[in-house]
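Trainee: I have the sequence and the structure open, and I would like to go through them with you step by step.

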Amino acid sequence: MPGTRTRTLTSALPLALAVVGTLATAIPAAQAAPDRAGAHHSRTSQCRGQGVDASARIRYHSDVVIKAPLSTVWKLQTDVERWPSWQQPVLTAERLDTGRLGKGSRFRWTTPAPATPTTPATTLEITSTVRQLQRGACVLWSGPAVGQGLRIDEGVHLWTFTEVKGGVRVHTEETWTGAQVEADVPTATAALGAGLEAWLHDLKNTAEHRRM
């Protein structure tokens with residue numbers, strides 16, 4: 001992962017949000033710029049014909065190569081209830097239905113968000129719905145993130161997984177919409193970017209040191 005980052009806990013929203021994992025004080029400029037971040041991938045990356053919100057002002061994308069089998073990476077990412085065991089920013093995670101994760105599956109998770117100049121410190125509760133999923137290849141989910149004094153109306157989070165020589169290339173991109181976060185696009189974009197970079201780091205570190 002390029003660069004050195006000083007991070008404090010924030011929200012890994014998809015939620016997307018995803019939504020965010022940790023707030024970085026330094027993010028690669030090309031990815032942090034709200035008008036440029038993810039411009040190429042937002043046009044081309046999809047899961048079964050669907051992608052992130054093309055009209056969203058807050059967006060970020062990133063990639064990493066993980067030196068582990070695709071089966072290991074996929075299981076870690078889609079076993080939602082085990083996220084807290086390898087992602088420190090995820091406090092709780094629960095499935096709202098049963099069976100393997102698939103289109104229409106819902107899950108709820110929580111993550112801390114620190115205070116910003118315009119919002120208080122809080123814990124965000126994120127309710128995500130899987131919009132598309134192709135096993136071993138991609139997953140797209142979306143949903144709102146709500147905390148005391150902070151709301152993201154919708155985060156849309158895309159992940160794609162491609163086998164490459166020596167491992168798996170993981171691509172992720174996410175968009176946020178909502179009046180509150182759009183009131184300060186640079187701060188929201190920095191928080192989103194930090195969360196996605198932290199998520200990729202944890203996924204890579206865990207997958208490369210675990211056998212499944």
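Trainee: How many disulfides does the count come to here?

Mentor: Keep in mind that this is a predicted model. A disulfide is taken to be a pair of cysteine sulfur atoms within 2.5 Å, and the sulfurs of C47 and C138 are placed at 2.2 Å. By this rule, the count comes to one disulfide.

Trainee: Which parts does the pair C47 and C138 tie together, and how many residues apart in sequence are they?

Mentor: C47 lies in the loop between helix 2 (39-44) and strand 3 (58-66), whereas C138 belongs to strand 7 (residues 138-147).

Trainee: Is Q87 buried or exposed, and which residues does Q87 touch?

Mentor: Q87 is found in the loop that runs between helix 4 (83-86) and strand 4 (92-95). Its relative accessibility is 2%, and the cut-off for buried is under 20%, so Q87 counts as buried. Leaving aside residues up to four places away in sequence, Q87 touches W199 and D202.

Trainee: In strand 5, which residue is the bridge partner of T92?

Mentor: Strand 4 has a covered face, made of A93 and R95, and an uncovered face, on which T92 sits with E94. Strand 4 runs antiparallel to strand 5 (residues 106-113), and four bridges join them. Within strand 5, the bridge partner of T92 is T110.

Methods:
Residues numbered from 1 in each chain as written. Predicted model: local features only at pLDDT ≥ 70, side-chain atom pairs only at ≥ 80, totals over all residues. Heavy atoms only, no water. Helix = DSSP H or I, 4+ residues; strand = E, 2+ residues; numbered from the N terminus. Buried < 20%, exposed > 50% of the residue type's maximum accessible area, 1.4 Å probe, protein only. Contact = heavy atoms within 4.5 Å. Pairing = 2+ DSSP bridges.
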